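Please have the viewer open while reading.

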Amino acid sequence: MEKRGLNKVDLIFEKVDSKEVLTKAYKMKSDEIIQQVLDSGLKGRGGAGFPTGLKWKYTAAVKEPEKYIVCNADEGEPGTFKDREILDKVAYKVYGGMVIAGKAIGAKHGIVYLRGEYRFLLPQLMKELESFHKMIDGIGYDFKINYCLGSGAYICGEESALFESVEGGRGEPRNKPPYPTTSGVFGKPTSINNVETLVTAMMIIRHGPESYSQLGTKDSRGSKVFSISGDTPTPGIFELELGMSVQEFVNEFGDGDTKAVQVGGASGFCVPRKKFAYTVIGFEGVPTGGSMKLFNSSRSMYNVLHNYLDFFAEESCGQCTPCRVGCQQLVKGVEKVKKGEVKSTYLNELLKLADTMKVASKCGLGQSVGNAFRTIVENFREEIIY
Amino acid sequence: MYHVGNLVKELSDKHGRSRESLMPILQGIVERHNYLTDEAMVEVAKELDISAADVYGTASFYTFLDTKVRGKYVIRVCKTITCSMKGKGEIIQTLEDMLKIKVGETTADQQFSLIETNCIGWCHKAPAILINEIPYTELTTEKIVEIIKGYMQKK
(Lines give C-alpha, C1' and ligand atoms only; values in the text may rest on other atoms or scores of the structure.)
Protein backbone atom coordinates (compact mmCIF):
# COMPACT_ATOMS: atom_id res chain seq x y z
CA MET A 1 0.00 0.00 0.00
CA GLU A 2 1.27 3.39 -0.98
CA LYS A 3 2.12 5.51 2.01
CA ARG A 4 1.47 9.19 1.55
CA GLY A 5 1.63 11.80 4.27
CA LEU A 6 -1.63 13.57 5.01
CA ASN A 7 -1.81 17.27 4.42
CA LYS A 8 -2.08 18.89 7.84
CA VAL A 9 -3.70 22.32 7.72
CA ASP A 10 -3.72 25.15 10.23
CA LEU A 11 -6.76 27.27 9.52
CA ILE A 12 -9.14 26.81 12.41
CA PHE A 13 -6.63 27.29 15.22
CA GLU A 14 -4.47 29.85 13.40
CA LYS A 15 -4.20 33.08 15.36
CA VAL A 16 -5.70 35.99 13.46
CA ASP A 17 -6.30 39.66 14.10
CA SER A 18 -10.08 39.40 14.30
CA LYS A 19 -10.49 43.16 14.31
CA GLU A 20 -8.83 43.32 10.91
CA VAL A 21 -11.01 40.55 9.43
CA LEU A 22 -14.20 41.99 10.90
CA THR A 23 -13.34 45.48 9.68
CA LYS A 24 -12.89 44.00 6.21
CA ALA A 25 -16.26 42.20 6.47
CA TYR A 26 -17.92 45.38 7.75
CA LYS A 27 -17.06 47.14 4.51
CA MET A 28 -18.41 44.28 2.37
CA LYS A 29 -21.99 44.05 1.14
CA SER A 30 -24.12 41.16 2.41
CA ASP A 31 -24.29 39.67 -1.11
CA GLU A 32 -20.52 39.78 -1.40
CA ILE A 33 -20.05 37.86 1.84
CA ILE A 34 -22.59 35.23 0.79
CA GLN A 35 -21.02 34.94 -2.67
CA GLN A 36 -17.56 34.38 -1.20
CA VAL A 37 -18.85 31.63 1.09
CA LEU A 38 -20.75 30.08 -1.83
CA ASP A 39 -17.64 30.20 -4.02
CA SER A 40 -15.54 28.56 -1.34
CA GLY A 41 -17.72 25.45 -1.52
CA LEU A 42 -17.98 25.28 2.27
CA LYS A 43 -20.43 22.70 3.56
CA GLY A 44 -21.68 22.57 7.14
CA ARG A 45 -19.10 21.04 9.49
CA GLY A 46 -21.56 19.56 11.99
CA GLY A 47 -22.10 16.46 9.90
CA ALA A 48 -25.13 17.09 7.67
CA GLY A 49 -23.07 19.06 5.15
CA PHE A 50 -25.58 21.60 3.87
CA PRO A 51 -23.82 24.32 1.82
CA THR A 52 -23.28 27.22 4.24
CA GLY A 53 -23.54 29.91 1.57
CA LEU A 54 -26.95 28.62 0.48
CA LYS A 55 -28.23 28.57 4.05
CA TRP A 56 -27.19 32.20 4.44
CA LYS A 57 -28.64 33.12 1.05
CA TYR A 58 -32.05 31.63 1.90
CA THR A 59 -32.13 33.30 5.32
CA ALA A 60 -31.01 36.63 3.84
CA ALA A 61 -33.81 36.47 1.26
CA VAL A 62 -36.56 36.44 3.92
CA LYS A 63 -37.88 39.95 4.58
CA GLU A 64 -38.19 40.11 8.35
CA PRO A 65 -36.61 42.63 10.72
CA GLU A 66 -35.81 40.12 13.45
CA LYS A 67 -33.48 37.26 12.53
CA TYR A 68 -31.08 35.04 14.43
CA ILE A 69 -27.69 33.44 14.05
CA VAL A 70 -27.45 30.34 16.19
CA CYS A 71 -24.13 28.67 16.85
CA ASN A 72 -24.69 24.98 17.43
CA ALA A 73 -22.21 24.03 20.15
CA ASP A 74 -24.25 21.05 21.34
CA GLU A 75 -21.55 18.69 20.20
CA GLY A 76 -22.90 15.33 21.33
CA GLU A 77 -21.99 12.83 18.64
CA PRO A 78 -19.96 10.07 20.26
CA GLY A 79 -16.32 10.57 19.34
CA THR A 80 -16.59 14.28 18.58
CA PHE A 81 -14.77 16.78 20.75
CA LYS A 82 -13.36 19.31 18.29
CA ASP A 83 -15.92 22.06 18.99
CA ARG A 84 -14.91 22.11 22.64
CA GLU A 85 -11.29 22.57 21.62
CA ILE A 86 -12.21 25.32 19.15
CA LEU A 87 -14.24 27.18 21.79
CA ASP A 88 -11.50 26.68 24.34
CA LYS A 89 -8.71 27.92 22.07
CA VAL A 90 -10.26 30.38 19.61
CA ALA A 91 -13.71 31.41 20.83
CA TYR A 92 -13.16 34.90 19.38
CA LYS A 93 -13.13 33.32 15.90
CA VAL A 94 -16.46 31.60 16.60
CA TYR A 95 -17.92 34.95 17.64
CA GLY A 96 -16.31 36.54 14.59
CA GLY A 97 -17.97 34.00 12.30
CA MET A 98 -21.32 34.77 13.94
CA VAL A 99 -20.94 38.50 13.37
CA ILE A 100 -20.06 37.92 9.71
CA ALA A 101 -23.02 35.55 9.32
CA GLY A 102 -25.21 38.17 11.00
CA LYS A 103 -24.07 40.80 8.56
CA ALA A 104 -24.73 38.40 5.66
CA ILE A 105 -28.32 37.54 6.61
CA GLY A 106 -29.28 40.78 8.37
CA ALA A 107 -29.40 39.55 11.97
CA LYS A 108 -28.58 41.46 15.13
CA HIS A 109 -28.89 38.58 17.57
CA GLY A 110 -26.63 35.63 18.05
CA ILE A 111 -27.17 32.67 20.34
CA VAL A 112 -24.52 30.11 21.24
CA TYR A 113 -26.14 26.88 22.44
CA LEU A 114 -23.48 25.17 24.52
CA ARG A 115 -23.95 21.60 25.68
CA GLY A 116 -24.29 21.20 29.45
CA GLU A 117 -21.28 18.88 29.51
CA TYR A 118 -19.10 21.89 28.60
CA ARG A 119 -20.43 24.20 31.32
CA PHE A 120 -16.95 24.38 32.89
CA LEU A 121 -15.89 26.49 29.88
CA LEU A 122 -18.61 29.09 30.34
CA PRO A 123 -16.90 31.60 32.69
CA GLN A 124 -13.91 31.89 30.35
CA LEU A 125 -16.16 32.12 27.26
CA MET A 126 -18.30 34.87 28.80
CA LYS A 127 -15.21 36.87 29.67
CA GLU A 128 -13.93 36.67 26.11
CA LEU A 129 -17.39 37.58 24.85
CA GLU A 130 -17.40 40.77 26.87
CA SER A 131 -14.22 42.10 25.30
CA PHE A 132 -15.38 40.85 21.91
CA HIS A 133 -18.60 42.88 22.18
CA LYS A 134 -16.53 45.99 22.95
CA MET A 135 -14.33 45.36 19.93
CA ILE A 136 -17.21 44.99 17.43
CA ASP A 137 -19.02 47.99 18.89
CA GLY A 138 -15.87 49.93 18.05
CA ILE A 139 -16.03 48.81 14.41
CA GLY A 140 -19.69 49.80 14.19
CA TYR A 141 -21.51 46.46 14.25
CA ASP A 142 -24.94 46.24 15.86
CA PHE A 143 -24.77 42.63 17.05
CA LYS A 144 -25.11 40.90 20.43
CA ILE A 145 -24.39 37.31 21.37
CA ASN A 146 -25.99 35.38 24.24
CA TYR A 147 -25.32 31.96 25.66
CA CYS A 148 -27.90 29.22 26.20
CA LEU A 149 -26.87 26.13 28.06
CA GLY A 150 -28.05 22.60 27.32
CA SER A 151 -28.69 20.02 30.01
CA GLY A 152 -27.49 16.72 28.67
CA ALA A 153 -29.68 15.82 25.70
CA TYR A 154 -28.01 14.58 22.50
CA ILE A 155 -31.13 15.32 20.47
CA CYS A 156 -30.75 19.06 21.11
CA GLY A 157 -27.97 19.05 18.51
CA GLU A 158 -30.80 18.61 15.98
CA GLU A 159 -31.58 22.15 14.89
CA SER A 160 -35.30 22.35 15.60
CA ALA A 161 -34.93 20.47 18.90
CA LEU A 162 -32.29 23.03 19.82
CA PHE A 163 -34.74 25.86 19.13
CA GLU A 164 -37.35 24.18 21.35
CA SER A 165 -34.75 23.94 24.10
CA VAL A 166 -33.77 27.62 23.74
CA GLU A 167 -37.45 28.50 24.03
CA GLY A 168 -37.68 26.60 27.31
CA GLY A 169 -39.34 23.40 26.17
CA ARG A 170 -38.59 19.71 25.78
CA GLY A 171 -36.01 19.22 23.06
CA GLU A 172 -38.34 17.54 20.60
CA PRO A 173 -37.68 18.11 16.90
CA ARG A 174 -40.27 19.99 14.87
CA ASN A 175 -41.84 19.01 11.58
CA LYS A 176 -40.09 20.40 8.52
CA PRO A 177 -41.00 22.45 6.56
CA PRO A 178 -40.96 25.20 7.65
CA TYR A 179 -37.18 25.19 7.68
CA PRO A 180 -35.16 27.35 10.09
CA THR A 181 -34.30 29.75 7.26
CA THR A 182 -37.93 30.94 7.37
CA SER A 183 -39.04 29.90 10.87
CA GLY A 184 -36.33 29.02 13.35
CA VAL A 185 -35.80 30.08 16.94
CA PHE A 186 -38.78 32.09 18.32
CA GLY A 187 -40.40 31.51 14.92
CA LYS A 188 -37.95 33.92 13.27
CA PRO A 189 -35.69 33.30 10.26
CA THR A 190 -32.57 31.64 11.62
CA SER A 191 -29.28 30.48 10.27
CA ILE A 192 -27.97 27.74 12.53
CA ASN A 193 -24.34 26.80 11.97
CA ASN A 194 -21.84 24.52 13.62
CA VAL A 195 -18.95 26.02 15.63
CA GLU A 196 -16.32 24.96 13.08
CA THR A 197 -18.41 26.18 10.14
CA LEU A 198 -18.52 29.69 11.60
CA VAL A 199 -14.76 29.78 12.16
CA THR A 200 -14.16 28.47 8.64
CA ALA A 201 -16.44 31.16 7.19
CA MET A 202 -14.43 33.83 8.97
CA MET A 203 -11.20 32.39 7.56
CA ILE A 204 -12.71 32.35 4.07
CA ILE A 205 -13.41 36.06 4.39
CA ARG A 206 -9.81 36.57 5.55
CA HIS A 207 -8.00 34.45 2.95
CA GLY A 208 -10.52 34.60 0.09
CA PRO A 209 -12.61 31.75 -1.34
CA GLU A 210 -10.04 30.83 -4.02
CA SER A 211 -7.32 29.70 -1.65
CA TYR A 212 -9.86 27.75 0.42
CA SER A 213 -11.44 25.93 -2.52
CA GLN A 214 -7.99 24.82 -3.69
CA LEU A 215 -7.97 22.46 -0.73
CA GLY A 216 -9.91 19.21 -0.83
CA THR A 217 -11.95 17.68 -3.65
CA LYS A 218 -14.85 18.73 -5.87
CA ASP A 219 -17.44 17.37 -3.43
CA SER A 220 -15.55 18.10 -0.23
CA ARG A 221 -13.79 21.42 -0.39
CA GLY A 222 -11.34 22.62 2.18
CA SER A 223 -10.06 21.09 5.37
CA LYS A 224 -11.76 19.63 8.40
CA VAL A 225 -11.01 19.23 12.07
CA PHE A 226 -11.04 15.56 13.01
CA SER A 227 -11.59 14.13 16.48
CA ILE A 228 -9.57 10.93 16.58
CA SER A 229 -9.99 8.29 19.26
CA GLY A 230 -10.10 4.57 19.95
CA ASP A 231 -7.22 2.22 19.17
CA THR A 232 -4.67 4.76 18.01
CA PRO A 233 -1.28 5.75 19.40
CA THR A 234 -2.12 9.43 18.71
CA PRO A 235 -5.64 10.29 19.82
CA GLY A 236 -6.57 13.95 19.61
CA ILE A 237 -7.61 16.77 17.34
CA PHE A 238 -6.14 17.15 13.87
CA GLU A 239 -7.00 19.48 11.03
CA LEU A 240 -6.57 17.70 7.71
CA GLU A 241 -7.25 18.41 4.07
CA LEU A 242 -10.34 16.54 2.86
CA GLY A 243 -10.17 13.88 0.17
CA MET A 244 -8.04 11.20 1.84
CA SER A 245 -9.00 7.53 1.77
CA VAL A 246 -9.62 5.62 4.97
CA GLN A 247 -6.43 3.68 4.16
CA GLU A 248 -4.34 6.85 4.14
CA PHE A 249 -5.98 7.87 7.38
CA VAL A 250 -5.27 4.49 8.99
CA ASN A 251 -1.66 4.55 7.77
CA GLU A 252 -1.20 7.74 9.75
CA PHE A 253 -3.32 7.10 12.82
CA GLY A 254 -3.77 3.32 13.09
CA ASP A 255 -1.94 1.07 15.54
CA GLY A 256 -0.98 -1.41 12.82
CA ASP A 257 -3.90 -3.70 13.60
CA THR A 258 -6.93 -1.59 12.65
CA LYS A 259 -9.87 -3.72 11.62
CA ALA A 260 -12.54 -1.05 11.33
CA VAL A 261 -13.00 2.71 11.43
CA GLN A 262 -16.27 4.24 12.51
CA VAL A 263 -16.57 7.44 10.51
CA GLY A 264 -19.06 10.05 11.77
CA GLY A 265 -19.77 8.65 15.21
CA ALA A 266 -22.69 6.48 16.30
CA SER A 267 -24.83 7.96 13.55
CA GLY A 268 -22.08 7.42 10.97
CA PHE A 269 -20.71 4.51 8.99
CA CYS A 270 -18.44 1.61 9.86
CA VAL A 271 -15.72 0.96 7.29
CA PRO A 272 -14.07 -2.50 7.49
CA ARG A 273 -10.45 -3.16 6.58
CA LYS A 274 -11.25 -4.61 3.15
CA LYS A 275 -12.86 -1.31 2.11
CA PHE A 276 -10.20 1.06 3.47
CA ALA A 277 -8.41 1.52 0.15
CA TYR A 278 -11.33 2.77 -1.93
CA THR A 279 -13.44 4.59 0.67
CA VAL A 280 -12.97 8.35 0.67
CA ILE A 281 -13.58 10.38 3.83
CA GLY A 282 -15.87 13.16 2.66
CA PHE A 283 -19.21 13.82 1.06
CA GLU A 284 -18.39 11.61 -1.95
CA GLY A 285 -17.74 8.64 0.35
CA VAL A 286 -18.33 8.53 4.07
CA PRO A 287 -19.15 11.96 5.53
CA THR A 288 -18.19 12.92 9.06
CA GLY A 289 -18.77 15.75 11.47
CA GLY A 290 -15.27 14.96 12.68
CA SER A 291 -15.68 11.77 14.67
CA MET A 292 -13.16 9.06 13.72
CA LYS A 293 -12.93 5.96 15.90
CA LEU A 294 -10.44 3.23 15.24
CA PHE A 295 -10.99 -0.34 16.38
CA ASN A 296 -8.31 -3.01 16.32
CA SER A 297 -8.75 -6.74 16.09
CA SER A 298 -9.00 -7.16 19.87
CA ARG A 299 -12.40 -5.40 19.83
CA SER A 300 -15.77 -7.08 19.54
CA MET A 301 -17.91 -5.31 16.97
CA TYR A 302 -20.94 -6.71 18.77
CA ASN A 303 -19.98 -4.63 21.80
CA VAL A 304 -19.46 -1.59 19.60
CA LEU A 305 -22.86 -2.01 17.97
CA HIS A 306 -24.60 -2.69 21.27
CA ASN A 307 -23.03 0.41 22.80
CA TYR A 308 -24.27 2.57 19.91
CA LEU A 309 -27.77 1.09 20.03
CA ASP A 310 -27.98 1.64 23.80
CA PHE A 311 -26.93 5.21 23.17
CA PHE A 312 -29.71 5.79 20.64
CA ALA A 313 -32.34 4.02 22.73
CA GLU A 314 -31.54 6.42 25.58
CA GLU A 315 -31.17 9.57 23.51
CA SER A 316 -34.22 9.11 21.27
CA CYS A 317 -36.64 11.86 22.30
CA GLY A 318 -39.50 9.38 22.16
CA GLN A 319 -41.73 11.58 20.08
CA CYS A 320 -42.10 9.42 16.97
CA THR A 321 -42.78 5.70 17.06
CA PRO A 322 -40.29 4.43 14.45
CA CYS A 323 -37.37 5.84 16.40
CA ARG A 324 -38.64 5.26 19.96
CA VAL A 325 -39.71 1.66 19.44
CA GLY A 326 -37.22 0.94 16.67
CA CYS A 327 -34.19 1.72 18.82
CA GLN A 328 -35.46 -0.46 21.67
CA GLN A 329 -36.25 -3.35 19.33
CA LEU A 330 -32.83 -3.20 17.68
CA VAL A 331 -31.17 -3.50 21.11
CA LYS A 332 -33.40 -6.44 22.07
CA GLY A 333 -33.01 -7.98 18.64
CA VAL A 334 -29.21 -8.14 18.57
CA GLU A 335 -29.22 -9.47 22.14
CA LYS A 336 -31.56 -12.29 21.12
CA VAL A 337 -29.41 -13.15 18.12
CA LYS A 338 -26.29 -13.19 20.30
CA LYS A 339 -27.90 -15.45 22.88
CA GLY A 340 -29.13 -17.79 20.16
CA GLU A 341 -32.77 -17.29 21.10
CA VAL A 342 -33.62 -16.60 17.48
CA LYS A 343 -32.11 -17.72 14.19
CA SER A 344 -29.32 -15.61 12.78
CA THR A 345 -31.56 -14.74 9.81
CA TYR A 346 -33.47 -12.58 12.28
CA LEU A 347 -30.75 -10.02 11.55
CA ASN A 348 -32.34 -9.57 8.13
CA GLU A 349 -35.60 -8.58 9.81
CA LEU A 350 -33.70 -6.11 11.96
CA LEU A 351 -32.06 -4.64 8.87
CA LYS A 352 -35.53 -4.08 7.42
CA LEU A 353 -36.54 -2.35 10.63
CA ALA A 354 -33.49 -0.09 10.40
CA ASP A 355 -34.49 0.77 6.81
CA THR A 356 -38.01 1.60 7.94
CA MET A 357 -36.60 3.88 10.64
CA LYS A 358 -34.59 5.65 7.96
CA VAL A 359 -37.67 6.60 5.95
CA ALA A 360 -40.25 6.91 8.72
CA SER A 361 -38.43 8.72 11.54
CA LYS A 362 -39.11 12.39 12.04
CA CYS A 363 -35.55 13.64 12.42
CA GLY A 364 -31.94 12.83 11.74
CA LEU A 365 -31.53 10.76 14.91
CA GLY A 366 -33.91 7.96 13.95
CA GLN A 367 -32.98 8.30 10.29
CA SER A 368 -29.33 7.61 10.91
CA VAL A 369 -29.48 4.73 13.41
CA GLY A 370 -29.51 2.44 10.38
CA ASN A 371 -26.15 3.75 9.13
CA ALA A 372 -24.07 2.17 11.86
CA PHE A 373 -26.45 -0.76 12.20
CA ARG A 374 -26.29 -1.77 8.55
CA THR A 375 -22.58 -1.20 8.07
CA ILE A 376 -21.62 -3.10 11.23
CA VAL A 377 -24.06 -5.98 10.72
CA GLU A 378 -23.19 -6.42 7.04
CA ASN A 379 -19.44 -6.28 7.51
CA PHE A 380 -19.14 -8.12 10.82
CA ARG A 381 -22.13 -10.46 10.73
CA GLU A 382 -20.29 -13.39 12.28
CA GLU A 383 -19.20 -11.25 15.24
CA ILE A 384 -22.80 -10.27 15.89
CA ILE A 385 -24.03 -13.89 15.76
CA TYR A 386 -21.25 -15.85 17.51
CA MET B 1 -34.68 17.48 50.83
CA TYR B 2 -33.99 21.17 50.76
CA HIS B 3 -36.18 24.24 50.88
CA VAL B 4 -35.90 26.30 47.78
CA GLY B 5 -36.71 29.52 49.65
CA ASN B 6 -35.99 32.72 47.78
CA LEU B 7 -33.83 31.09 45.12
CA VAL B 8 -36.60 30.85 42.50
CA LYS B 9 -37.39 34.54 42.92
CA GLU B 10 -33.72 35.50 42.70
CA LEU B 11 -33.23 33.42 39.56
CA SER B 12 -36.41 34.80 37.98
CA ASP B 13 -35.25 38.34 38.67
CA LYS B 14 -31.97 37.49 36.98
CA HIS B 15 -33.23 35.53 33.96
CA GLY B 16 -36.73 36.95 33.52
CA ARG B 17 -40.16 35.37 33.76
CA SER B 18 -40.86 34.42 30.17
CA ARG B 19 -40.98 30.86 28.93
CA GLU B 20 -37.40 30.91 27.66
CA SER B 21 -36.24 31.70 31.19
CA LEU B 22 -37.36 28.25 32.32
CA MET B 23 -34.17 26.38 31.42
CA PRO B 24 -31.74 28.87 33.02
CA ILE B 25 -33.89 28.94 36.17
CA LEU B 26 -34.02 25.14 36.46
CA GLN B 27 -30.29 24.97 35.74
CA GLY B 28 -29.68 27.55 38.45
CA ILE B 29 -31.59 25.51 41.02
CA VAL B 30 -29.70 22.34 40.08
CA GLU B 31 -26.40 24.22 40.26
CA ARG B 32 -27.18 25.13 43.88
CA HIS B 33 -29.06 22.06 45.12
CA ASN B 34 -28.08 19.32 42.59
CA TYR B 35 -31.65 18.22 41.86
CA LEU B 36 -35.20 19.51 41.55
CA THR B 37 -37.80 18.87 44.24
CA ASP B 38 -41.55 18.99 43.58
CA GLU B 39 -41.66 22.08 45.78
CA ALA B 40 -39.03 23.81 43.64
CA MET B 41 -40.81 22.98 40.38
CA VAL B 42 -44.18 24.18 41.73
CA GLU B 43 -42.49 27.39 42.84
CA VAL B 44 -41.02 27.90 39.36
CA ALA B 45 -44.44 27.27 37.80
CA LYS B 46 -45.99 29.96 40.01
CA GLU B 47 -43.25 32.44 39.28
CA LEU B 48 -43.45 31.92 35.50
CA ASP B 49 -47.24 31.54 35.49
CA ILE B 50 -47.21 28.20 33.70
CA SER B 51 -48.47 24.80 34.86
CA ALA B 52 -46.35 22.67 37.15
CA ALA B 53 -46.84 19.81 34.69
CA ASP B 54 -45.23 21.95 32.03
CA VAL B 55 -42.21 22.60 34.26
CA TYR B 56 -41.93 18.91 35.09
CA GLY B 57 -42.35 18.07 31.40
CA THR B 58 -39.35 20.18 30.48
CA ALA B 59 -37.23 19.16 33.48
CA SER B 60 -37.79 15.44 33.03
CA PHE B 61 -36.63 15.62 29.41
CA TYR B 62 -33.09 16.58 30.35
CA THR B 63 -30.74 14.16 32.07
CA PHE B 64 -28.86 16.94 33.87
CA LEU B 65 -32.07 18.33 35.40
CA ASP B 66 -32.53 15.54 37.89
CA THR B 67 -35.87 15.15 39.61
CA LYS B 68 -34.51 12.42 41.88
CA VAL B 69 -32.46 13.10 45.00
CA ARG B 70 -28.81 13.69 44.13
CA GLY B 71 -25.80 14.19 46.33
CA LYS B 72 -23.69 17.31 46.64
CA TYR B 73 -21.21 15.84 44.16
CA VAL B 74 -22.76 14.13 41.17
CA ILE B 75 -20.27 11.80 39.52
CA ARG B 76 -21.14 11.07 35.91
CA VAL B 77 -19.07 8.31 34.35
CA CYS B 78 -19.00 8.26 30.56
CA LYS B 79 -20.14 4.88 29.26
CA THR B 80 -19.91 5.49 25.52
CA ILE B 81 -17.70 3.29 23.40
CA THR B 82 -14.19 4.74 23.77
CA CYS B 83 -14.47 5.18 27.54
CA SER B 84 -15.91 1.64 27.71
CA MET B 85 -12.94 0.32 25.76
CA LYS B 86 -10.41 2.21 27.87
CA GLY B 87 -11.36 1.07 31.33
CA LYS B 88 -14.67 2.59 32.34
CA GLY B 89 -15.53 -0.69 34.08
CA GLU B 90 -12.60 -0.44 36.53
CA ILE B 91 -13.44 3.20 37.25
CA ILE B 92 -17.02 2.27 38.15
CA GLN B 93 -15.82 -0.66 40.27
CA THR B 94 -13.40 1.57 42.17
CA LEU B 95 -16.05 4.22 42.75
CA GLU B 96 -18.60 1.66 43.92
CA ASP B 97 -16.09 0.19 46.37
CA MET B 98 -15.03 3.57 47.69
CA LEU B 99 -18.47 5.09 48.04
CA LYS B 100 -20.24 1.82 48.96
CA ILE B 101 -23.03 2.51 46.50
CA LYS B 102 -24.04 1.11 43.12
CA VAL B 103 -24.50 3.01 39.87
CA GLY B 104 -27.67 5.10 40.11
CA GLU B 105 -27.46 5.47 43.90
CA THR B 106 -26.64 8.28 46.30
CA THR B 107 -24.61 7.90 49.51
CA ALA B 108 -26.59 7.98 52.77
CA ASP B 109 -24.97 11.29 53.77
CA GLN B 110 -26.07 12.74 50.41
CA GLN B 111 -22.54 13.73 49.48
CA PHE B 112 -22.08 11.63 46.34
CA SER B 113 -24.25 10.28 43.55
CA LEU B 114 -22.84 7.84 41.02
CA ILE B 115 -24.40 7.69 37.59
CA GLU B 116 -23.43 6.74 34.07
CA THR B 117 -23.81 9.16 31.22
CA ASN B 118 -23.47 9.25 27.45
CA CYS B 119 -20.48 10.70 25.59
CA ILE B 120 -19.12 13.81 27.34
CA GLY B 121 -16.62 14.66 24.60
CA TRP B 122 -13.30 13.44 26.02
CA CYS B 123 -12.83 10.29 23.91
CA HIS B 124 -9.17 11.14 23.17
CA LYS B 125 -8.51 11.21 26.92
CA ALA B 126 -10.66 8.26 27.95
CA PRO B 127 -11.82 7.18 30.42
CA ALA B 128 -13.46 10.40 31.55
CA ILE B 129 -15.96 11.52 34.17
CA LEU B 130 -17.68 14.69 35.25
CA ILE B 131 -17.99 15.65 38.91
CA ASN B 132 -20.69 18.30 38.82
CA GLU B 133 -19.42 20.37 35.90
CA ILE B 134 -15.70 19.59 36.23
CA PRO B 135 -14.23 17.00 33.82
CA TYR B 136 -11.53 14.53 34.92
CA THR B 137 -9.82 12.63 32.15
CA GLU B 138 -7.27 9.89 31.41
CA LEU B 139 -8.29 8.24 34.63
CA THR B 140 -6.68 5.30 36.31
CA THR B 141 -7.89 3.58 39.47
CA GLU B 142 -5.13 5.36 41.42
CA LYS B 143 -6.11 8.75 40.03
CA ILE B 144 -9.80 8.34 40.77
CA VAL B 145 -9.07 7.34 44.37
CA GLU B 146 -7.06 10.54 44.86
CA ILE B 147 -9.75 12.69 43.27
CA ILE B 148 -12.56 11.25 45.40
CA LYS B 149 -10.44 11.54 48.55
CA GLY B 150 -10.07 15.22 47.73
CA TYR B 151 -13.83 15.65 47.51
CA MET B 152 -14.36 13.69 50.72
CA GLN B 153 -12.08 16.09 52.57
CA LYS B 154 -13.94 19.07 51.11
CA LYS B 155 -17.19 18.21 52.85
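Which pattern does chain B follow when read along the sequence?

## Fold of chain B

The model is predicted. In chain B, the order of elements along the sequence is α-α-α-α-β-α-α-β-β-β-α. The chain holds seven helices and four strands.

The chain has 155 residues, and 41% of them count as buried.

## Domains of chain B

Chain B splits into domain 1, covering 7–59, and domain 2, covering 73–154. Taken over C-alpha atoms, the centres of domain 1 and domain 2 of chain B are 28 Å apart.

## Contacts between chains A and B

How many residues of each chain take part in the contact between chain A and chain B? On the chain A side there are 36 residues, and on the chain B side 31. Three elements of chain A each supply at least two residues of the side that touches chain B: helix 6 (159–166), strand 5 (223–230) and helix 10 (301–315). Helix 10 of chain A gives the largest share of that side, with five residues.

By residue class, the side of chain A that touches chain B consists of eleven nonpolar, 15 polar and ten charged residues.

Methods:
Residues are numbered from 1 along each chain as its sequence is written. Chains are lettered from A and ligands numbered from 1 in the order in which they are written. This is a predicted model: local features need pLDDT of at least 70, side-chain atom pairs count only at pLDDT 80 or more; totals for chains, interfaces and linings use all residues. Two residues are in contact if their C-beta atoms, placed from the backbone, lie within 7 Å. Ala, Val, Leu, Ile, Met, Phe, Trp, Tyr, Cys and Pro count as nonpolar, Asp, Glu, Lys and Arg as charged, and the others, Gly among them, as polar. A residue is buried if 20 or more other C-beta atoms lie within 10 Å of its own, exposed if 12 or fewer, and partly exposed in between; C-beta atoms are placed from the backbone. Domain bounds come from an automatic or database domain assignment.
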